Amino acid sequence: MNRYEFMRELEILLSDLSPQERADALSYYNDYFDDAGQSNEENVLKELKSPREVSDKIKDGLNEASKNQGSFTENGYTDSRYTHPDFMANTQNKTSNSPYPTPKKLSGWQIFFIILLALIAIPIFGPIAFGAISVIFGIVLTIICIVLTITILAFALLILGVVVFVVGIVTMFSVPFAGVLTSGVGIIVFALGILLGLFTIWIYAKAVPACIRGFVALCRLPFKNRRKMA
Amino acid sequence: MVFNTGAALLDAIVLAVVSKEADGTYGYKITQDVREAIDISESTLYPVLRRLQKDDCLSVYDQEFGGRNRRYYKVTQKGVVQLNLYRAEWKAYSNKISKIFGGNDLNE
């Protein structure tokens with residue numbers, strides 16, 4: 001294998017990386033060959049061993065989780081995974097394209113037992129889940145009722161304020177003092193209505209969307225973790 | 001060789017090697033310089049450089065050399081801080097080890 005064959009194979013092996021990451025790695029090794037010089041090409045190729053070894057180390061490096069695997073000795077980097085017979089066999093087998101072992105497939109029996117376990121769990125966890133959902137539903141319903149009550153109260157106060165004010169104005173013609181008092185109370189009630197109305201508007205504009213967002217985020221939580229793990 | 005070089009020590013060695021060149025240095029030279037201390041394989045260094053770059057300890061720039069672009073690595077402000085931390089840690093660590101080793105000599 002010469003330098004160009006090596007680079008071509010490395011490019012293929014790195015094809016699952018992002019374009020930027022791949023280009024960086026390829027240009028690094030291209031530079032490396034250039035700087036080592038033509039006379040050293042043979043040595044560098046021998047040192048690098050195989051494109052697969054290089055690509056595996058690049059991918060391991062990108063994978064933060066593997067930071068603590070392997071160690072560097074004076075005799076070079078040793079990683080038990082690379083000296084493991086399985087890995088060596090895998091390296092020699094050029095036809096397998098994936099550098100990583102495919103995730104273990106569950107056997108038919110294992111799947112059967114998982115389904116069985118789930119069926120057994122239904123009578124136990126079913127009622128508990130139902131209870132939990134009922135409680136959540138009850139809380140949500142209560143909150144909706146409270147919000148509706150506040151809304152209706154705001155409207156009622158506004159209407160009452162206007163009515164009392166008008167009554168006060170009318171009364172002013174017969175009993176001026178009582179009329180002024182009544183219309184004053186009407187204005188105060190109207191002001192309270194406005195205050196409560198503003199509060200209602202705030203609930204609908206800010207609190208309700210925030211609650212919905214929070215609820216959606218809560219529902220997404222289990223999926224988010226799964227995506228991170230993948 | 002009986003002593004292992006952990007990832008942190010390798011980071012420290014690479015940072016120290018790169019920091020020696022004020023204008024930055026390139027992959028092949030870094031490998032050769034690191035190999036004066038420890039014999040690491042050529043494929044080991046790129047992931048280390050990439051990680052240090054990602055951690056903002058190294059910055060890169062391309063400069064023309066002999067009709068092509070060569071990538072240079074330079075230690076950042078953060079890298080200098082990190083290197084000084086490694087130096088202090090190494091001094092404390094190696095002093096303690098030396099003291100124990102030396103103590104054994106005295107007992108003989």
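In this predicted model, Asp11(B) and Arg51(B) pair up through their side chains in a salt bridge, with N and O 2.6 Å apart. Asp11(B) sits in helix H1 of chain B and Arg51(B) in helix H3 of chain B, so this pair ties together parts that are 40 residues apart in sequence. Both ends are tucked away: Asp11(B) is buried, and Arg51(B) is buried too.

Lys29(B) and Asp33(B) meet at 3.2 Å, N to O. These two are four residues apart in helix H2 of chain B, which means that about one helical turn separates them. Lys29(B) is partly exposed, at a relative accessible area of 29%, and Asp33(B) is partly exposed as well, at 22%. Then there is Arg35(B), which forms a salt bridge with Asp39(B), the closest N and O atoms lying 4.0 Å apart.

Now for the interface as a whole. Chain B puts 33 residues into the contact and chain A puts in 29. Together the two chains bury about 2800 Å², with 50% of that on carbon and sulfur atoms. Polar contacts across the interface link 11 residue pairs, both residues at pLDDT 80 or more. On the side of chain B that touches chain A, the elements giving two or more residues are strand S1 (4–5), helix H1 (7–19), helix H2 (27–37), helix H3 (42–54) and strand S4 (68–75). H3(B) supplies the largest share of that side, 10 residues. By residue class, the side splits into 14 nonpolar, 10 polar and nine charged.

As for chain A, eight helices and two strands make up its secondary structure, running α-α-α-α-β-β-α-α-α-α along the sequence. Of its 230 residues, 25% count as buried. Chain A exposes about 16400 Å², and carbon and sulfur atoms supply 72% of that area. Among its contacts between residues at least 6 apart in sequence, 59% join residues at least 24 apart.

Definitions and conventions:
Residues numbered from 1 in each chain as written. Chains lettered and ligands numbered in written order. Predicted model: local features only at pLDDT ≥ 70, side-chain atom pairs only at ≥ 80, totals over all residues. Heavy atoms only, no water. Buried < 20%, exposed > 50% of the residue type's maximum accessible area, 1.4 Å probe, protein only. Contact = heavy atoms within 4.5 Å. Areas by Shrake-Rupley, 256 points an atom, 1.4 Å probe, with all protein chains shown as cover. Buried area = accessible area lost by both parts, 1.4 Å probe. Polar contact = N/O pair within 3.5 Å; in protein donor to acceptor, adjacent residues only side chain to side chain. Nonpolar A, V, L, I, M, F, W, Y, C, P; charged D, E, K, R; others polar.
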